[in-house]
Amino acid sequence: MNELDLIRLWQKSRQQIIIAQLAPTFLLITTAGLVEEVRDAGQVTVWAVIGILLASGILGALAEYTAAHEAQAVAKDLGSLKTKSTLAETIVKTAPWMHVVKYLTPAIFVGIFIALFVALTR
């Protein structure tokens with residue numbers, strides 16, 4: 001692959017990461033704002049919301065992890081090119097930050113999920 005193709009793949013991976021964050025983030029924010037209403041709706045609703053949050057979070061984390069992992073592979077391929085543009089060099093240098101997406105972001109989700117779990121089930 002040439003540099004332009006690799007840069008396009010990098011951009012596609014970044015876009016996938018952003019899109020994968022939308023649904024879980026929306027659900028967490030909405031749930032945080034509706035804790036009382038969800039609890040008042042009964043235990044079945046509480047457990048349904050917990051299941052929705054968990055499923056969405058797991059799928060979002062997997063999508064983010066794989067997109068970040070692929071982006072790091074693209075950066076490695078860019079790094080192996082003999083001549084690189086400044087953009088390609090920047091991608092190579094910033095690729096290690098994808099570890100944040102792979103590990104820290106899911107850990108934050110788990111923390112927020114646990115807090116909402118406690119709030120919904122108390």
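Student: Is Ser56 buried or exposed?

Tutor: Burial is judged by relative accessible area, where buried means under 20%, exposed over 50% and partly exposed in between, computed with a 1.4 Å probe on protein chains only. Ser56 has 14% relative accessibility and therefore counts as buried. Ser56 lies in helix H3, where helices (H or I, at least four residues) are DSSP runs numbered from the N terminus. Please keep in mind that this is a predicted model, in which local features need pLDDT of at least 70 and side-chain atom pairs count only at pLDDT 80 or more, whereas totals for chains, interfaces and linings use all residues. Residues are numbered from 1 along each chain as its sequence is written, and side-chain values use heavy atoms, with hydrogens and water left out.

Student: Which residues does Ser56 touch, leaving out those up to four places away in sequence?

Tutor: A contact means heavy atoms within 4.5 Å. With residues up to four places away in sequence not counted, Ser56 touches Ala23, Pro24 and Leu27. Of these, Pro24 is listed among the buried residues of H1, together with Leu6, Ile7, Trp10, Ser13, Ile17, Ala20, Leu28 and Thr31. The cover over the buried residues of H1 includes H2, H3, H4 and H5.

Student: How should I read the length of H1, and where does H1 have a kink?

Tutor: The expected span of a helix is 1.5 Å times one less than its number of residues. H1, with 31 residues, reaches 45 Å from its first C-alpha to its last, which is close to the 45 Å expected. A bend at a residue is the angle between axes fitted to the seven residues ending there and the seven starting there. In H1 a kink of about 25 degrees lies at Leu22, shortly before the proline Pro24.

Student: What do the span and the bend look like for H5?

Tutor: The 24 residues of H5 (residues 98-121) should span 34 Å at 1.5 Å a residue, and its end C-alpha atoms are 34 Å apart, so the two values agree. H5 bends by about 30 degrees at Leu104, and the proline Pro106 follows within four residues.

Student: Which residues of H5 are buried, and what covers them?

Tutor: The buried residues of H5 are Met98, Val101, Lys102, Pro106, Phe109, Phe113, Leu116, Ala119 and Leu120, and what covers them includes helix H1 (3-33), helix H2 (35-40), helix H3 (43-79) and helix H4 (86-94). Leaving aside neighbours within four places in sequence, Leu116 is in contact with Leu28, Thr31, Ala32, Val35 and Leu53. Leu116 and Ile50 are 66 residues apart in sequence, yet their C-alpha atoms are 8.4 Å apart in space. Ala107, also found in helix H5, is partly exposed, with a relative accessible area of 44%.

Student: At what angle do H1 and H3 pack?

Tutor: Axes are lines fitted to C-alpha atoms, for helices over the stretch in contact, and angles run from 0 to 180 degrees between N-to-C directions. Angles under 35 degrees count as roughly parallel, over 145 as roughly antiparallel, 65 to 115 as roughly perpendicular and the rest as oblique. H1 and H3 pack at about 165 degrees with their axes 9 Å apart, and they are therefore roughly antiparallel to each other.

Student: How does H4 sit against H3 and H1?

Tutor: H3 and H4 pack at an angle of about 130 degrees, with their axes 9 Å apart, and are therefore oblique to each other. There, Ala75, Leu78 and Gly79 in H3 meet Ala88, Ile91 and Val92 in H4. The axes of H1 and H4 come within 11 Å and cross at roughly 45 degrees, which makes H1 oblique to H4. Glu3, Ile7 and Trp10 in H1 meet Leu87, Ala88, Ile91 and Thr94 in H4.

Student: Where is Trp97, and is Trp97 buried or exposed?

Tutor: Trp97 has its place in the loop between H4 and H5, and with a relative accessible area of 63% Trp97 is exposed. The C-alpha atoms of Trp97 and Gln72 are separated by 9.2 Å, although these residues are 25 residues apart along the chain.

Note on methods: Helix = DSSP H or I, 4+ residues; strand = E, 2+ residues; numbered from the N terminus.
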